[in-house]
Amino acid sequence: MLIDAHAHLDRYGDTLESALEEITQHHIFTISNSMDLPSYRRNLEIGEMCDLVLPTFGVHPWNAPEYADRLEDLSEAIEQSPMLGEIGLDYHFVDDASQYPAQRKVFEVFLAAAKEQGKIVNLHTKGAESDVLDFLNRYEIQRAIVHWFSGPLDVFRELVARGAYFTIGVEVLYSEHIQTIARELPLDQLLTETDNPGGPRSFIGAPGMPLLIRDVVQVLAELKETTVESIVQTVQANLGRLIRDDPWLSDTYVYQISWRHNNE
Ligand SMILES: [Zn+2]
């Protein structure tokens, strides 16, 4: 079974149906991250349509200013969501530093909840990698998925040392820095992602479709000097280990990952 541990299925318009068909046909377990409350409502609907889709709630750092003064509006969705993402900080695409306090305020609400409720977080770190690391340490976050890490290698190594999992995505096809990260990442902390549909757009010139994950796996197999099949099994086993015994994830998901792993 293929794993897309960071996507945004709510952002597909008319092509959602074909995306879900690909997910079903090729068994791509997909964690569909949210950017804000409306996006989470949509992801919940999509989760109802396909049992390979796990919808999660987060407020993306780009949307943090909109929620910084009404944090109480977030608590119900935070409580309901089995995993928290996409959350984090962005000092790269957001160059207006006056927004950073709002980003940190919203991020901290999610981290406090993740700590208290023992939830996995799905993290955006662009340009703010060492601040994100500091916050993870401060809130003693144990289980983290770091999405599309492209920052400095020293911070990468610290995140690896504290046990984070990393999603490698389509940029590994194009960027030497991402290839270096992918090569160095221990196999047992490796996950895969597409960040579909928007993430791959600047690389492929169109919205990404779920099967892109196969290209990512192919390149990872080359970088890790192993087979495609071995990467597929490793990534599935990694996600299985990460979510094993998770009190928030319904047995359906755990069953999907572990059952298919043992029987495919
Ligand atoms: Zn994303």
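Q: How many bridges join E1 to strand E2, and in which sense do the two strands run?
A: Strands of a sheet pair through backbone hydrogen bonds, either parallel or antiparallel. Strands are taken as DSSP runs of E of at least two residues, helices as runs of H or I of at least four, both numbered from the N terminus, and two strands pair if DSSP finds at least two bridges between them. Here E1 and strand E2 (residues 28–32) run parallel and are joined by four bridges, with Ala-7 having Ser-32 in E2 as its bridge partner. This is a predicted model, in which local features need pLDDT of at least 70 and side-chain atom pairs count only at pLDDT 80 or more, while totals for chains, interfaces and linings use all residues. Residues are numbered from 1 along each chain as its sequence is written.

Q: Is strand E1 buried or exposed?
A: A residue is buried if 20 or more other C-beta atoms lie within 10 Å of its own, exposed if 12 or fewer, and partly exposed in between, the C-beta atoms being placed from the backbone. Six of the six residues of strand E1 (residues 2–7) are buried, so E1 is largely enclosed by the rest of the structure.

Q: In what order do the five strands of the open sheet E4 to E8 stand, and what is left at the edges?
A: The order is E4-E5-E6-E7-E8, with parallel pairing. Strand E4 (83–88) and strand E8 (190–192) stand at the edges with a single partner strand each, so one side of each is left without a neighbour in the sheet. Strand E7 (residues 165–168) and E8 pair in the parallel sense over three bridges, and Ile-168 has Thr-192 in E8 as its bridge partner.

Q: At what angle do helix H10 and helix H11 pack?
A: Axes are lines fitted to C-alpha atoms, for helices over the stretch in contact, and angles run from 0 to 180 degrees between N-to-C directions. Helix H10 (residues 212–223) and helix H11 (residues 228–243) pack at an angle of about 105 degrees, with their axes 8 Å apart. Angles under 35 degrees count as roughly parallel, over 145 as roughly antiparallel, 65 to 115 as roughly perpendicular and the rest as oblique; H10 and H11 are therefore roughly perpendicular to each other.
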